[in-house]
Amino acid sequence: MAFQLPNLPYAYDALEPHIDARTMEIHHTKHHNGYTTKLNAAIEGTDLSGKTIEEIMKDLDMSNAAVRNNGGGFYNHVLFWEVMSPNGGGAPDGELGQAIDAAYGSFENFKEQFSSAAATRFGSGWAWLCVHPGGKVEICSTPNQDNPLMPGVGCGGHPILGIDVWEHAYYLHYQNRRPDYIQEFFSVINWAKVAAYYAENK
Ligand code: MN3
């Protein structure tokens, strides 16, 4: 069974004005679709075919550039769409909120450090909030389409929140103003979904 491009859980214009409809449509139908197609081509007829995307990520041969780039691209964007919502924003409460406070002192300090990780990622990549077994959370960042599930990326735990800082994620609307895009991303974070990923993977 080949991997399929998932539908977005909202309309392309649902995240306006924070993320514009044209960016969302191109990002989903061109970029994510491209990673999906190329991932399927890369694993067809290999022993990776039939595995889940998480299995493929965790056992990845990092020298396999086609699966690293396109499998990462597939997985990362599936998470990205899910952790955004037109009803998003605010701050997490419950056990996720407590874990963030325990690690970073306050939500405001977490926001500052997460934003810094996203802003200072040189070139293309992602910033993440991950959870380690036991429930500790950690911010980290990876280049290109790498992610924390991959072996040896120096960014541990299971990702529960990710922001795409490739220019294709923001350039149409924000041009070179990546920090403005990161600020607006916080207005669409679906903390209920992030909390669910936290509970599943802690
Ligand atoms: Mn992208």
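User: What does Asn190 touch, leaving out residues up to four places away in sequence?

Analyst: Asn190 touches Glu82, Val83, Met84 and Ser85. Contact here means heavy atoms within 4.5 Å. This is a predicted model, where local features need pLDDT of at least 70, side-chain atom pairs count only at pLDDT 80 or more, and totals for chains, interfaces and linings use all residues. Residues are numbered from 1 along each chain as its sequence is written, and side-chain values use heavy atoms, with hydrogens and water left out.

User: Where is Asn190, and is it buried or exposed?

Analyst: Asn190 sits in the loop between helix 7 (178-185) and helix 8. Helices (H or I, at least four residues) and strands (E, at least two) are DSSP runs, numbered from the N terminus. Asn190 counts as buried, at 19% relative accessibility. Buried means under 20% relative accessible area, exposed over 50%, and partly exposed in between (1.4 Å probe, protein chains only).

User: Switching to charges. How many salt bridges are there?

Analyst: Five. A salt bridge is a side-chain nitrogen of Lys or Arg within 4 Å of a carboxyl oxygen of Asp or Glu.

User: Which residue does Asp146 pair with?

Analyst: Asp146 forms a salt bridge with Arg68, and the closest N and O atoms are 2.9 Å apart. Asp146 lies in the loop between strand 2 (137-143) and strand 3 (158-164), while Arg68 is in helix 3 (residues 65-82), so the pair ties together parts 78 residues apart in sequence. Asp146 is buried, at 5% relative accessibility. Arg68 is partly exposed, at 24%.

User: And what about Lys202?

Analyst: Lys202 bridges to Glu95, with the closest N and O atoms 2.8 Å apart. Lys202 is in the segment after helix 8 (191-201) and Glu95 is in helix 4 (residues 94-104), so this pair ties together parts 107 residues apart in sequence. Lys202 is partly exposed, with a relative accessible area of 45%. Glu95 is partly exposed too, at 35% relative accessibility.

User: Now aromatics. How many pairs?

Analyst: The count is 16 aromatic pairs. Rings of Phe, Tyr and Trp (its six-membered ring) pair if their centres lie within 6.5 Å; planes under 30 degrees apart count as stacked, over 60 as edge-to-face and the rest as tilted. Tyr104 and Phe110 have ring centres 6.0 Å apart and planes at 55°, so that pair is tilted. Both residues are buried. Phe185 and Phe186 have centres 6.4 Å apart and planes at 85°, so they are edge-to-face. Phe185 and Phe186 are buried as well.

User: Which residues do the ring pairs link into a cluster?

Analyst: The cluster holds Phe80, Trp81, Tyr104, Phe107, Phe110, Phe114, Trp126, Trp128, Phe185, Phe186 and Trp191.

User: What sits over the ring of Phe186?

Analyst: The charged end of Lys111, 5.2 Å from the ring centre. The rule asks for NZ of Lys or CZ of Arg within 6 Å of the ring centre and within 35 degrees of the ring normal.

User: Next, helix 1. Where is the kink centred?

Analyst: On His27, with a kink of about 35°. The bend at a residue is the angle between axes fitted to the seven residues ending there and the seven starting there.

User: Which residues of helix 1 are buried, and what covers them?

Analyst: The buried residues of helix 1 include His27, His28, His32, Tyr35 and Leu39. Their cover includes helix 2, helix 3, strand 3 and helix 6 (171-174). Gly45 follows helix 1 and has a positive phi, near 80°.

User: Which residues have a positive phi although they are not glycine?

Analyst: Asn144 is one, at about 55°. Gln175 is another, at about 50°. Asn144 lies in the loop between strand 2 and strand 3. Gln175 lies in the loop between helix 6 and helix 7. Asn144 is partly exposed at 39% relative accessibility, and Gln175 at 29%.

User: Last one. Where is the cis peptide bond around Pro17?

Analyst: The bond from Glu16 to Pro17 is cis, with omega near 0°. Pro17 is in the segment before helix 1.
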